[in-house]
Amino acid sequence: MTGDVSPSPEPTPQSKPQSTPEPTRGDGPEPTRGDGPEPTRADGPADELHALAAAHGVATHYETSGKQRVDIPDDVVASVLALLGPEPAPRSRVGTTASLPEPPRTWGWMIQLYGLRSRDSWSVGDFADLAAFTRWAASTGAGAILVNPLHAVAPVDPLPASPYSPSSRRFVNPLYLRVPDLPEYRAAPPALRAQVDALRPAPARDGLIDYGTAWRAKHAALSLLFPVEEPSTAEPGTDAALRDFATYTALAELHGADWRRWPAALRRPGMAATEAAPVDRVAFHAWLQRRCAEQLAEANRAAAGMAVGIVHDLAVGIDPGGADAWTLQDVVAQGAKVGAPPDAFNQRGQDWGLATWRPDRLAASGYEPYRELLRDIFRHAGGLRVDHVAGLWRLWWVPPGRGPAEGTYVHYDDAAMLGVLVEEATRAGAVVVGEDLGTVEPVVTRTLQERNILGSAVLWFTRDDAGAFLPPAEWPANAVASISTHDLPTAAGFLAGEHVLARAEAGVLGRDVKDEWAAAALERTALLDLLDAEGLTEPDSTDDEIVLAMHRLLKRTPCRIVLASPYDVLGVVRQPNLPGTTDQYPNWRIPLPLPLEELTSDARMQQIADLFNA
């Protein structure tokens, strides 16, 4: 952990998994993979188990950030091994061994699309708002827009708020569709348009994003506009992945979002599922995805000429009962959930409730599901941020029936995972950013640099070994720089100690509140000392001037891309997400305080553009 005032490093499943430091990502010995010792050479049952684990890339111990060795109980190792096949995953030669082209030097914005609301959006930011903001940003010289994951979420009411627990990472959340921009709306007779317009919801009285109300209104409007003559997904030429996704979603409307609770005959894609899914609903959900693709394409056209363009965010895992887990169940680890081992902030470990790839099956597939996922995202992106990029090397698996501390690391073929990623990014001409915050294995940072994949440098965490803030000249060059992230305090929140107050109110502090306030005061002083040493502030600087100084500090770093957040620029105190909370905090529901039309004309936004362009 790099700072005493930062939030708990890992969230619950409802929060975004992994964009804050993970103290237990240690540098411990890496288990041998497919070329490891033969189990027959073991001297006893425990040795045989450990040899088998080494051959399958299952860790029998790990090291904490403090270099303390933690041994994994044999029964946990055996439980994880039971989730894998009898043969170790072979080393693969898929993907390129080359590096990406050198990333450009530019600046841009990091946004939460749901909170980027215009006067024309239906209570939640949408693809048209993304296009409008991108056009404005491009006109001011910005070269990149980092957006929250746009993945499809579970088709339930109310719609899930977290974009990091997706039902599908291959498909897109239709909540972001701009209804009046649909060709069906424009071609509709006046009476139908009036009927659709009447469905537009009023903003929530508490000022927060109301996903349930917004989606119910959009779903009703989209159902009115859906053309009955829309081609069936059964017709030749229909993309098989789209057909399966639409089939899952249609069945989820009948049987619930968790396919594991469906009638047995429907728990796998095939003839029975196809026949059971209402044809009109399958066509409806396929139509939604086609319209999402069209509106995303328009947003990307708005980014034409930018150095990078729109950068999408790839969540670390998927809902085990969702669409991807249903359609890709042969390569998804059934029963395992990813999370984090125990640490000083979460002494019982964490179970994020997310499913992930099974390494042996993924290798046997030639990594095609992974490649297709990347291609689908790169089709609409100028770049990709990989959440918890260390997961390309290893992930903490929690086996069925176990608590989050009763897991272990499972290793992947990192050469193949990186090779495919670099190959697809090169084909798309895209930039790749790896979220490597916290204590990661040295091989991760070293390899990212070798492959020209940018790391992440956040002001709150860019420190020396003693915990002191690093001067900007010492920041890493191969990185994307920002003041904060959506999981961390905003600039104004940090200065006000809001992150202490919010965690205290939510009951998720790691120690006594008096100690937290004292640590927060020390952190603020340390940051002010750095800004003062850099000549960026005066003794009587206001908080607004201090926030501007933070951006000036970013400008001085050698980082290739510098990103600002409207939440910081506009002085928003509450952070978008508070890790470790569910209903105690309005995660993912805090909008920007200004509508898009006022945001893009605000002098503070232009001031940042002028600063980064200078």
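This is a predicted model: local features need pLDDT of at least 70, side-chain atom pairs count only at pLDDT 80 or more; totals for chains, interfaces and linings use all residues.

Trainee: Which residues touch the most other members of the largest nonpolar core?

Mentor: They are Trp109, Phe133, Trp460 and Met550, in a core of 102 residues. Helix H9 (residues 279-302) supplies the largest share, 8 residues. A nonpolar core is a set of buried Ala, Val, Leu, Ile, Met, Phe, Trp, Tyr and Cys residues joined through side-chain atoms within 4.5 Å. Buried means under 20% relative accessible area (1.4 Å probe, protein chains only). Helices (H or I, at least four residues) and strands (E, at least two) are DSSP runs, numbered from the N terminus.

Trainee: What does Phe133 touch?

Mentor: Leaving aside residues up to four places away in sequence, its contacts (heavy atoms within 4.5 Å) include Trp109, Leu116, Leu599 and Met605.

Trainee: Met605 takes me to helix H21. Which of its residues are buried?

Mentor: In H21 (residues 603-613), Met605, Ile608, Ala609, Leu611 and Phe612 are buried. They lie on the same side of H21, because they cover an arc of only 160° around the axis, taken from the directions from the helix axis to the C-beta atoms.

Trainee: And what covers them?

Mentor: The cover of the buried residues of H21 includes strand S3 (106-111), helix H3 (127-139) and helix H18 (543-556).

Trainee: How many residues of S3 are buried?

Mentor: In S3, 6 of 6 residues are buried. S3 runs parallel to S16, joined by 4 bridges, and Trp107 has Val562 in S16 as its bridge partner. Another 4 bridges join S3 to strand S4 (residues 144-147), also in parallel; there, Met110 is partnered by Leu146.

Trainee: Changing topic, in what order do the strands of the open sheet come?

Mentor: The order of its 4 strands is S9-S8-S11-S12, with antiparallel pairing. Two strands pair if DSSP finds at least two bridges between them. Strand S9 (350-354) and strand S12 (408-411) each have a single partner strand, so one side of each is left without a neighbour in the sheet.

Trainee: How many bridges link S8 and S9?

Mentor: S8 (residues 337-340) and S9 pair over 3 bridges, and Val338 has Leu354 in S9 as its bridge partner.

Key
Residues are numbered from 1 along each chain as its sequence is written. Side-chain values use heavy atoms; hydrogens and water are left out. Buried means under 20% relative accessible area, exposed over 50%, partly exposed in between (1.4 Å probe, protein chains only).
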